[in-house]
Amino acid sequence: MKFRIKYADRIVGIFVVLAALFLVASVIVLGANQRWFAKDYRFVSRFGSAAGIAPGTPIMLKGFQIGKIDRIRLNEDNEVDVEFSIYDSYYGKAKVNSLLELVTSPIGLGSQLLFHPGKGEEILEEGAFVATANSPEGEALIEQELVDIPVKDDTVTRLLGNINPLIENLNKTVVTVNRTLTEVNRALAGQSSGPLGRMIEDAADTVAGVEALVGGVRGDAEAIVSKANDLAASLERITRNLEDTTAALRDPTGLVPRLLDPKGSVKTLLDDKNALYNSILGSVAEIQRTLKNIQAMTTTLNTQMPTVAATLEETRTAIRQAQDVLEGLKNNPLLKGGIPERKDQTPLYQSLREGEF
Amino acid sequence: MLRRIGESVRRRAGEILYGLGFFYSLLKESVLFFRRRQVGYRVLVMQILFTGYEALRISAVLAMAIGVAINLIGASLLAEFGQGKLMYTLLIIVITRELGPLLTAFIVTARSGTAIATELGGMVVNHEIEAYVAVGVNPLSYLGAPRLIGVVVSMLVLSIYFNLFGLLGSFAIMQVLKPVALAEYLRNLVAVLTVRDLMSGLLKSLIFGLIIASVSIHRGFAVERASTEIPVAGIRAVGASFILIILADAAVTAAQYLG
Amino acid sequence: MGETVPVIELRGVSATRGGFCILEDVSFALGEGETSVFMGGAGSGKSSLLKTAAGIVIPDSGAVLFRGKDVARMTRAEERAFHRSYGFVFQDAALWANQSLYDNLALPYRLHEPLAGEAEVERAVFRAAETVGFRESLSARPAELSTGESRLIGLARALVLDPELLFLDEPAAYLDEESADRVYSIIDQLKARRRTIAIVTGSSELAYRFADALGVLSGGRLLAFGPYAEASLWQDPALRGVAGRLKTRKKTAEGGAALLEAWAAALADSLDAPPEEPTAEGDDGAAGRGGRSDEEKA
């Protein structure tokens, strides 16, 4: 007891000071965690609408939060003045010509406020104005390539990225098939007697590689759209060709004299144990499979690229008809109406519309 | 009958008013305590030694047991829902915010609340308080203030240690169940711990400390002359402290979740 | 002394404790340098009277004045000066159990002489202990002392600041003869130094020895208060019942003024009055009985 009392002051001192130290330490750790002591650099911007931005909204760069919105205010021109801050550890990213971009997910996954650092060397002065990507200033900067806008990391972008190589391959295939079909048409029209079979075989080889090439590669959304447009054009051509072929094959009056001609194209076509025929058929089947893949992917795309989808559907129909014609041709080309009536499936374009969300 | 009710209501109201006045002067004296060059410093040190330091062991054991229990529950139950990470939130809520201050308050009440009430009661009966008054010492500032400050400081410090030991106990049992590195453990804790949690726990400790000290001091001084009143004062101090602590806890928690 | 402001004056003071009336309409004044002795049986409110006069018990009505100032309306500094000015000896010593004897004695000094160094405090403490004749170690705790020793320390605590006013509650009770004599001599010295003293006691012994003024208490009422010389003329049977021993004194007074002179001589040489203590205690009991019978009559 005497001992305890003698050292009471010291014991109590240690007891209290230790606890105080622990408390201060945890508050400091927490404070560091919540950025109490870090300096923030403030900038201003202007948005067309406050939708998707609120005080506290994080500003992201490549998936890292580098700052946040501090304050928003509706100004006299009914635009939204925004004050935001960039954390000091990321201040170096805030280069001149940087842009802000609000990316809203079309499928309801919320929005992200992205920061695109400018390509300049100079670092933005504190309080500087940072344009948004869809403002005239922003578009000008993008056009001049003064700012680095990377691929957006959202679902749609990923989907488009996956489709891109598919379409590219399909495109190639379509070009080849198109050439082949042109040859066939010309042959049917009696304009050509070239090595038709080999050409078609080439086409078949190309098509075989399509499936293997699907996946992996990511491309630029814009490129995709333009490619898709190219593709749509090609597909239209293909479709037209196929229609021509089909019509030519269907036409009994045109067929009969040509069939009677021993050097006629159809005979050639059916020569060599149907090799050429099988080849074309195989190619067409490949295309169909590829198209199916595309269809599966585009289910989430519908409103985005209706033209592509519609064209793809038309192509599918055309290819199916071509198959039917070839089938009929093989069975009995002499027979009028030897081509079977196929029961139409729900067109792709329509089904996409149904799945609207 | 009606007169009796009226009488008791009047007396009750008088008691409550007196209690509030008492609390006010006690608080005032406690604030002034640091300004006055009085001899009460020693009493303060001894109060912290007794209320805080000597209660550390039981508090630590309790805290570690709670920490272990939460971890066991968390490990078995939360894992079933695939919410293993929630364990840290649970630890913070239970140890830092809710149970820590409450259990510490119960320990302090049981140990020091009774001690203060009976000690002061004994002093009243032995006329020691009158002797202080005769000498010119204000018993509230000389006896009350250091006890109040001592209990409040001890509550705050003990609840900090409760956190420390609770989280330590949880960490220890984790080493047995599924080992996690200390850094990882702390990182997870800090991720869910907010300053609000910390302040909430400390605020509760502060309020509980004020309640325990002022109730016990009040009950101790309320003894009139008989030594038989002393244990009664102790019992009343504990009872009243418990009730007020639980009410205050409910109030603070409600204010936090609603406000 | 009648013209000067009394050191302590009570005006119509009533006090209750735990719902019971302990003082009822008490008025008196203590003159400068006077020794007043209040007598009364057990439960007559003697101790309460003293505590009220010292500002320890707060009266429900009436006023306590210290040198003309209402104690209830004092500023902090005045209150401090008031408590500084008196020493109070409790009937049961009322030492602070959780402090050493040294600290018990030192606390009043430290409190009222905050600028004093520890050496000065120590000197005052040892002087007080020496005055009461306490020679044991001061590092002991009050619990280690006998009742008599505690009472001596209690007296020493009251004397540490050498106050101008002393309240003594049964200063000689529980003391052995030697200690009692020492207490008497201390009171004599204080009287000689013109200290104002208020004593409450159940025995007439102290009244004989020291009283300039005498008061008689019963059931919380001050039945009489006046100069000691006049007290001998009190004829009221109730007063005589309370202050039983006074009868003897009255007789001696009737016997002649010479006897009074003899008493005075005895007071001066207090060491030569050993047989008084047991009688005093017997009287205490008698007075108690008297007080009770008074209450029964009322």
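User: Is Glu83(A) buried, partly exposed or exposed?

Analyst: Happy to start there. This is a predicted model, in which local features need pLDDT of at least 70 and side-chain atom pairs count only at pLDDT 80 or more, while totals for chains, interfaces and linings use all residues. Residues are numbered from 1 along each chain as its sequence is written, chains are lettered from A and ligands numbered from 1 in the order in which they are written, and side-chain values use heavy atoms, with hydrogens and water left out. Buried means under 20% relative accessible area, exposed over 50% and partly exposed in between (1.4 Å probe, protein chains only); with a relative accessible area of 29%, Glu83(A) is partly exposed.

User: Which strands do Arg71(A) and Glu83(A) lie in?

Analyst: The side chains of Arg71(A) and Glu83(A) meet in a salt bridge (3.3 Å, N to O), the term meaning a side-chain nitrogen of Lys or Arg within 4 Å of a carboxyl oxygen of Asp or Glu. Helices (H or I, at least four residues) and strands (E, at least two) are DSSP runs numbered from the N terminus. The pair ties together parts 12 residues apart in sequence, because Arg71(A) lies in strand S3 (residues 64–74) of chain A and Glu83(A) in strand S4 (residues 80–87) of chain A.

User: Where do Asp162(C) and Arg193(C) lie?

Analyst: These two side chains meet in a salt bridge (2.7 Å, N to O). The pair links distant parts of chain C, 31 residues apart: Asp162(C) is in the loop between helix H5 (147–159) and strand S7 (165–169), and Arg193(C) is in the loop between helix H6 (177–192) and strand S8 (196–201).

User: What share of the area buried between chain B and chain A do carbon and sulfur atoms give?

Analyst: Buried area is the accessible area (1.4 Å probe) that two parts lose on being put together, summed over both. Between chain B and chain A that area is about 1900 Å², and the share from carbon and sulfur atoms is 82%.

User: And what is that share for chain B and chain C?

Analyst: Here 22 residues of chain B are in contact with 24 residues of chain C. Chain B and chain C bury about 1900 Å² between them, and the part on carbon and sulfur atoms is 53%.

User: Which residue of chain B forms a salt bridge with Arg76(C)?

Analyst: Across the interface of chain B and chain C the rule finds 2 salt bridges. In the one with Arg76(C), the closest N and O atoms are 3.6 Å apart, and the partner is Glu29(B).

Notes
Contact means heavy atoms within 4.5 Å.
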